[in-house]
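Me: I've got a chain open here and would like to talk it through with you. Could we go over a few spots together?

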Amino acid sequence: LDGITCKLLYYKGEKGLNFQFIADYFASPKTNNTNTPSELKLGYGNLSLNNVRFVYKDADNKHKPAHGIDFQDIEVNNICGKFSNIKVVGDSVKVKIDDFSATEKSGIVIKKLNTEATFSAQNIKADKLLLITQNSYIHGYYQMYTDSFADYSNVIHAVDMRANLLDSTHVNLSDIAFFAEELEGLNQNINIKGYIKGSIDNFSS
């Protein structure tokens, strides 16, 4: 995909996304079959993105952070990357990501992301992770648990993390501040090695 824009919108006062009528049209009809369905498993080919733009906006959003990413009003530009081994297993999507880069309108820049990722409603897992931003370098394994997508707007307290990071890893607080506005103005590098767990405000190792 080259040069396209993808928009997911919640219009004011509406519960469904802007493409909900399309999803409803193609949805399988309801049946009275009470048998337990087998786990859905689908496989797809490879996907390459170049200069793609992604927008997600909830018009009913009332909380707008003064700094950082607004997870109800996201705009990601200059998305590039290669996605392979794409699989849908149950409610999870598995994919190998190579040379992903992007810029969010808040100012955070992903220079490079390589990983074998798994996404589900309440879990994001990144195996064989290499993530490079303007100020941080993260290498190892990383996983996040949440109750809902909205928890990412309160990342310091609401996101439970598990990570096993290699000794080359360093994180700058200015990058974390894009997810936690109370850290705005901090510019400290933190070197991290080993296993960590918990939310940012309650890390243990």
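Predicted model: local features only at pLDDT ≥ 70, side-chain atom pairs only at ≥ 80, totals over all residues.

Me: Let's start with serine 92. Does it count as buried or exposed?

Reply: Serine 92 sits in strand β5, which covers residues 92–104. Its relative accessibility is 15%, and the cut-off for being buried is under 20%. Serine 92 therefore counts as buried.

Me: And which side chain does the side chain of serine 92 join in a polar contact?

Reply: Leaving aside residues up to four places away in sequence, serine 92 touches Lys87, Thr118, Phe119 and Ser120. The polar contact in question is between side chains and spans 3.4 Å. The partner of serine 92 there is aspartate 91.

Me: How are the rings of phenylalanine 83 and phenylalanine 100 arranged?

Reply: Phenylalanine 83 and phenylalanine 100 are both buried. Their ring centres are 6.2 Å apart, with 80° between the planes. Planes over 60 degrees apart count as edge-to-face, so this aromatic pair is edge-to-face.

Me: How far apart in sequence are the parts that this pair ties together?

Reply: Phenylalanine 83 belongs to strand β4, whereas phenylalanine 100 belongs to strand β5.

Me: On to β7 and β8. How many residues lie between them in the hairpin?

Reply: Strand β7 (residues 123–133) and strand β8 (residues 137–145) run antiparallel and are joined by eight bridges. One of the pairings sets alanine 126 against tyrosine 142 in β8. Together the strands form a hairpin, and the number of residues between them is three.

Me: Last one: which residue of β9 stands opposite methionine 144?

Reply: Strand β8 also pairs with strand β9 (residues 160–165), in the antiparallel sense and over six bridges. In β9, the residue opposite methionine 144 is methionine 161.

Definitions and conventions: Residues numbered from 1 in each chain as written. Heavy atoms only, no water. Helix = DSSP H or I, 4+ residues; strand = E, 2+ residues; numbered from the N terminus. Buried < 20%, exposed > 50% of the residue type's maximum accessible area, 1.4 Å probe, protein only. Polar contact = N/O pair within 3.5 Å; in protein donor to acceptor, adjacent residues only side chain to side chain. Contact = heavy atoms within 4.5 Å. Phe/Tyr/Trp six-rings, centres within 6.5 Å; stacked < 30°, edge-to-face > 60°. Pairing = 2+ DSSP bridges.
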